[in-house]
Amino acid sequence: MDTKLVDSQAVDLLSNITGQKLSQEDVTPSVIFLAALVALLLGVIYADSQVTEEEKQRLQKTLNKFIPAQGGVRELTKLMVKGVKENLDYTKSTNLLKLTNSFSKPQKLLLLSFGYEMSAADGTIDAREKRYLEVIADWLGVKSTHLAVLEAGFNGQKNVNSAAFSEIKSLLDPAHFRDLDTIFVKAANDILESLFPQFENQQQEAIKTNNSEEKAVSAPSQPPQSQQNQATSYQELAKFNQQKRKLDNLCGQLYNVIRDCCDRNLLPPTLTTEIEKISQKLRSQRFRLAVVGEFSQGKSTLLNALLREEIQPVRAIPCSGTITVLKYGTQKRVVCRYKDGREEEIPFEQYKEKAAIPKKAAQEHRNDEHFCSDIDEIIFEHPDLDLCRNGVEILDSPGLNEHPARTAITQKLLKDTDAAIFLTNASRLLPEREKELIQDVRNQLNGGKENQPAENLFVLVNFMDLLEEEEDRQDVKHRLESFVKDNSLLTANDSRIHYISAKATLKSILHKTEDEHLVNFQKFTQSVENFLTVDRGNLKIKQSVEAIQLVIQESLTTLQQAEAALDGKINLSEAERRKILEQIGEASGKDVKIQLLANKLLDEVREPVHKSWNQWVNSLEDRLRKKSEKWTSENSPIWSRDALARDFASQFNDDLAAELDIWITHQLQARILKEPLETLDSDIEQHLTTILSGLQSLNRQINTASRNLAYFNEKIATGATAEEWFFSSLGVAGLAVALIPVIVLAGPLMTIIASVGAVVSGGAGAGMMFFGVTNIIKGNVFDFGYQEFKKSKENVFAKIEKMINSLFEQRVTESSETIAKVITYYETLLEQQEKAHQQNLQERELEKTLITQKCQQLEQVQKEIAALLTQATA
């Protein structure tokens with residue numbers, strides 16, 4: 001939803017409906033959607049001039065889906081309902097058109113879906129309500145065939161148009177709503193669950209019928225077993241994603257229970273926020289699988305085999321020019337993401353051109369040209385990649401041994417990957433340069449730790465079909481496995497090393513035949529699947545379950561506390577009330593003190609960081625020039641000057657990255673940041689310990705259940721903090737490579753080598769000419785590289801400052817979240833006590849019955865989650 005498209009007419013209309021003077025900044029996606037939803041639902045309700053109890057309940061339940069747990073949207077929604085009820089002209093199509101001007105097709109369809117759900121709330125869709133929805137749909141440009149599916153779905157009918165069914169399922173895919181708030185993702189998922197169980201059997205029967213007809217029309221021309229190669233089932237990945245969906249559905253059930261309790265002031269709203277975070281993380285979780293190696297090892301052919309279609313550009317020269325992310329989509333779609341933040345969908349036909357280094361440039365080793373491109377990455381969505389259909393994103397990286405810009409991209413890429421596949425060539429197995437590369441990949445996957453086996457590295461030996469003799473094949477296996485063992489490369493050799501032919505596999509797939517290469521390829525994909533589901537997937541499921549269980553336990557404890565208040569077992573004295581208010585004030589004060597200390601420490605490190613940086617920069621040229629004396633190259637200064645210059649440029653980049661890495665490790669981390677960060681950590685720990693001790697002391701004093709302090713300290717967004725990400729990279733060239741600009745020679749190359757003409761024409765001896773030309777090119781490359789760095793040093797330092805800020809901000813944010821939970825708990829306790837005093841006996845008994853019911857619902861979800869975890873880890 002592009003809120004920039006919300007014009008002044010829509011803002012004025014919203015102001016009139018609510019009776020509030022709203023501005024463009026007030027119109028968030030939730031607010032504008034709620035306004036349209038209120039108008040549409042009330043239009044449906046009043047279309048037949050009857051308002052049933054079922055419709056009232058449905059209205060409240062639907063609106064609650066889109067009201068954030070925090071903020072003033074709930075009060076604004078009440079004003080919307082009041083305003084529309086008082087003036088039903090707001091339900092007319094012209095006004096709805098103004099409100100939905102910024103909506104995408106999926107958002108308009110989602111809106112109308114809730115209209116049909118409302119119409120069916122009292123059991124049947126009234127003809128007048130149906131007509132109202134059809135008029136609105138016509139104005140919004142929603143197809144009548146889609147309306148027929150919605151009507152049939154909410155009426156419980158099963159016979160619908162298959163094409164329209166597929167279109168709606170695609171449009172309401174929650175992926176279309178991920179750019180908005182998570183409430184939209186959940187709402188779309190709820191509608192799909194409401195609609196499509198009605199049609200699944202029909203669709204399955206249709207698929208079976210179509211398959212039968214196809215088999216009847218075309219007689220099989222291949223052996224029956226050839227059909228097996230058309231799709232790897234990835235049953236374990238499918239099972240894992242099914243478990244993840246079940247867990248998310250349980251999150252939805254839990255959210256509804258907690259939200260209902262929050263609406264009745266029985267639970268604090270922070271609990272719904274936490275469940276939303278867990279649910280969002282479950283939905284967004286993807287396995288990322290990177291394919292890396294030297295150029296011309298068959299990376300693109302491997303991906304084509306996984307795709308079962310020739311899509312990635314394939315040549316015997318370097319061809320992958322940028323990161324390509326292959327992911328599942330309902331249709332073929334290619335999106336270019338640019339370095340300036342722009343996105344552009346491009347025609348499928350342009351994909352190979354965009355993804356590859358120009359052939360002529362690659363042949364002439366002018367790969368620098370591609371890196372002057374403003375493309376950051378290319379997203380390729382495809383409906384037939386089964387591996388990606390089950391939540392795996394495949395990243396095709398540039399060759400590790402090519403231009404240093406591609407090396408930087410790949411090193412950055414490995415920091416966010418679940419597993420990496422390193423391709424090597426059976427015909428030229430592990431030359432020295434490749435041995436260095438694969439060990440570097442191992443170290444990167446281990447967060448910079450050297451000489452430790454990597455659990456998430458797969459080694460794939462390609463081109464096995466070129467080895468005709470069994471003796472040669474055994475020799476390749478022996479050499480590789482000896483190298484892996486001697487260098488502690490992998491943790492599980494039997495499942496991490498595979499011998500394949502990507503080209504032969506792709507040929508087998510395209511020709512629908514089966515051979516040993518296809519079988520070996522399937523063994524490889526099964527190993528990857530097993531690693532992702534067992535080693536990574538079960539851990540992610542377990543982390544989510546633990547976070548959910550903490551929320552459930554806190555909800556149960558708080559509800560039991562509310563019940564105790566209703567029974568008079570918790571009766572706060574005036575002194576205890578004052579004590580709670582004092583603790584709220586103290587907690588708020590400590591939050592402010594932590595923020596002030598973080599700001600003070602951050603201000604104090606700015607000057608020494610800047611001073612140290614300047615000292616490093618001022619002495620950098622001499623250190624780099626001294627290192628340049630050791631630059632070497634196998635390329636001739638007479639016949640291959642351009643390649644020689646590029647070799648020197650690559651070594652300049654390596655030296656610069658190494659120097660920056662030393663400064664970050666020994667100066668920035670050890671001498672400047674270590675002490676202030678330890679001071680801040682100690683202060684935060686002291687404040688939080690005092691706050692949480694006060695919480696436990698209060699519980700004992702008023703005889704409430706003991707709180708699980710893990711809930712208050714739990715980080716819902718598990719994963720690396722800013723500090724872990726930053727400091728885990730210290731000592732690793734990957735961080736420095738990510739910070740500094742890569743020196744490329746696309747334009748200046750001719751200038752750099754032109755000055756050697758005088759030496760060549762001066763008639764010097766062969767040896768003198770050799771060393772003279774080499775030194776001139778070396779000096780020119782150094783001068784150019786250092787001048788480029790000087791131009792960019794301010795940008796580099798700005799990035800470093802931003803990363804330092806994140807170290808302090810992350811700590812403050814996490815401590816503030818913990819303090820906010822404690823304050824909310826205190827406020828809830830006071831509200832429960834006040835409510836118990838105001839209610840009469842009958843009201844208290846009804847409330848206790850409700851609490852018992854909610855506790856039973858929470859305990860049931862708790863049992864189902866425990867059973868799911870047992871099933872997942874069995």
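Colleague: Why is Val 335 called buried?

Modeller: This is a predicted model, so that goes for every value here. Val 335 has 6% relative accessibility, and buried means under 20%, so Val 335 counts as buried.

Colleague: Where is Val 335 found, and what does Val 335 touch?

Modeller: Val 335 sits in strand 3, residues 333-338. Leaving out residues up to four places away in sequence, Val 335 touches Glu 343, Glu 344, Glu 345, Glu 377, Ile 378 and Ile 379. As for Val 325, 10 residues apart from Val 335 along the chain, the two C-alpha atoms are 9.8 Å apart.

Colleague: What makes strand 3 a partner of strand 5, and how do the two run?

Modeller: Pairing takes at least two bridges. Strand 3 and strand 5 (residues 375-382) have six, in the antiparallel sense, with Cys 336 opposite Ile 378 in strand 5. Strand 3 is also joined to strand 4, by four bridges and again antiparallel; there Cys 336 stands opposite Glu 344.

Colleague: Which order do the strands take in the sheet?

Modeller: The sheet is open, has nine strands with mixed pairing, and goes 4-3-5-2-6-1-7-8-9. From one strand to the next, the twist averages 20°.

Colleague: Why are strand 4 and strand 9 said to stand at the edges?

Modeller: Strand 4 (343-346) and strand 9 (497-499) each have a single partner strand, so one side of each has no neighbour in the sheet.

Colleague: Which helices lie across strand 1?

Modeller: Helix 20 (residues 432-445) lies across strand 1, strand 7 (419-425) and strand 8 (457-462), at about 175° to strand 7. Helix 24 (residues 516-566) lies across strand 1, strand 6, strand 7, strand 8 and strand 9, at about 135° to strand 1.

Colleague: What makes Asn 840 a cap for helix 33?

Modeller: A side-chain oxygen of Asn 840 lies 3.2 Å from the backbone nitrogen of Gln 842, at the N-terminal end of helix 33. The cut-off for a polar contact is 3.5 Å, and 3.2 Å is within it.

Colleague: Why is Gln 839 called buried?

Modeller: Its relative accessible area is 13%, against a cut-off of under 20%, so Gln 839 is buried. Gln 839 lies in the loop between helix 32 (766-838) and helix 33 and touches Leu 566, Arg 844 and Glu 847, not counting residues up to four places away in sequence.

Colleague: Which residues of helix 33 are buried?

Modeller: Among them are Glu 847, Leu 850, Ile 851, Lys 854, Leu 858, Val 861, Ile 865 and Leu 868. An α-helix has 3.6 residues a turn, so residues three or four places apart point the same way.

Colleague: And in helix 8, which are buried, and what comes just after?

Modeller: The buried ones include His 146, Leu 147, Leu 150 and Phe 154. Just after helix 8, Gly 156 takes a positive phi of about 80°.

Colleague: Why does Asn 189 count as buried?

Modeller: Asn 189 has a relative accessible area of 18%, and the cut-off is under 20%, so Asn 189 is buried. Asn 189 belongs to helix 10 (residues 182-195). Setting aside neighbours within four places in sequence, Asn 189 contacts Pro 174, Asn 249 and Arg 283.

Colleague: How do helix 2 and helix 7 cross?

Modeller: The axes of helix 2 (residues 29-47) and helix 7 (residues 127-140) come within 8 Å and cross at roughly 145°. The crossing is right-handed. Residues that meet there include Leu 40 and Val 44 in helix 2, and Tyr 132 and Leu 133 in helix 7.

Note on methods. Residues are numbered from 1 along each chain as its sequence is written. This is a predicted model: local features need pLDDT of at least 70, side-chain atom pairs count only at pLDDT 80 or more; totals for chains, interfaces and linings use all residues. Side-chain values use heavy atoms; hydrogens and water are left out. Buried means under 20% relative accessible area, exposed over 50%, partly exposed in between (1.4 Å probe, protein chains only). A polar contact is a pair of N or O atoms within 3.5 Å; within protein, one must be able to donate a hydrogen and the other to accept it, and residues adjacent in sequence count only if both atoms are side-chain atoms. Axes are lines fitted to C-alpha atoms, for helices over the stretch in contact, and angles run from 0 to 180 degrees between N-to-C directions. Contact means heavy atoms within 4.5 Å. A crossing is left-handed if the near helix is turned anticlockwise from the far one by less than a right angle, and right-handed if clockwise.
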